[in-house]
Amino acid sequence: MNSDSIKNLSHQLVLGKRTVYGSHYNANLLQTVPRSINRDTLDIRTPFYGYDVWHHYEISYLNHRGKPEVAVGILYIPATSESIIESKSLKLYFNSFNMTRFINLNAVRGTVETDLSRVLNTEVKVHLYRIADADRDFGFSRLTAQSLDDLDIEIDTYALTPEFITQDEGGEVVSEELCSDLLKSNCLITGQPDWGSVYIRYTGRKISHEGLLRYIISMRTHNEFHEHCVERIFTDIANRCSVTYLEVRAFYTRRGGLDINPVRATCELPCESARLIRQ
């Protein structure tokens, strides 16, 4: 995405701008960003499937008697949607529930599901939980994959370098689950740091662990939205490696009460949610 396109996009979005926080329900606050701004720059040879999981920790509304209620939520957005939701606009949208009365939590859920499905032109699934009922779905998880972070390697490149991704010459076919907590990129519009963990599962010729870690670290100064970063990681691995199965998940730390967790794979996967300690 060139600088003019980024500039035009930044003018259209509330992201990075001083805003007024309204407290009465307003679906018009929602803004979208076309996925094409990233996908058009990728050399996509391997089709991918998946979804984006959003956790929201700051949901509040008034019940039918005017008493405040609080909740947490999980949003599932298909990767097939033409657009993504801009995160600050989603925060403003949820904030607009603060002084609005709803019959019950299910009415809130139905409203959110309808609004997001409408603006994204796809079926969005929404689950909302009262705090007392959220332990099962909002308890912390832990990645059981092999961590790359203990590799004792010297790093001197912090600009995106797909060439770091290589496969061993031996030709041995393996199935591996790998992870790293060293993922960092920057917001495309504001330049704010986005911290996360990445999980990679594949079947194919063995991928160099050192090279993969160098590649993950090379995203440290890369500017792109969360969803786009994961699609780039998926595409770079798929294009440079001989794999029969590939799955990439990222777990980004929360900002403004929201965290975003994109999932991309070579086949369709059931929607599921996991939350790591930094989220």
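Contact here means heavy atoms within 4.5 Å. This is a predicted model in which local features need pLDDT of at least 70 and side-chain atom pairs count only at pLDDT 80 or more, while totals for chains, interfaces and linings use all residues. Residues are numbered from 1 along each chain as its sequence is written, and side-chain values use heavy atoms, without hydrogens and water.

Q: Is Arg249 buried or exposed, and what is its relative accessible area?
A: Arg249 belongs to strand β9, a DSSP run of E with at least two residues. Burial requires under 20% relative accessible area, and Arg249 counts as buried because its value is 10%.

Q: How far apart in space are Arg249 and Asp52, C-alpha to C-alpha?
A: Leaving aside residues up to four places away in sequence, Arg249 touches Tyr51, Ser197, Val198, Tyr199, Pro262, Val263, Leu269 and Glu272. Asp52 lies 197 residues from Arg249 along the chain, yet the C-alpha separation of Arg249 and Asp52 is 9.4 Å.

Q: Which residues have the most contacts inside the largest nonpolar core?
A: Such a core joins buried Ala, Val, Leu, Ile, Met, Phe, Trp, Tyr and Cys through side-chain atoms within 4.5 Å. The largest one holds 28 residues, and the most contacts inside it belong to Leu212 and Ile237.

Q: Which element gives the most to this core?
A: At least two core residues come from each of β7 (173-186), β8 (193-205), α6 (209-217), α7 (226-240) and β9 (243-252), helices being H or I runs of at least four residues. With six residues, the element that gives the most to the core is α7.

Conventions. Buried < 20%, exposed > 50% of the residue type's maximum accessible area, 1.4 Å probe, protein only.
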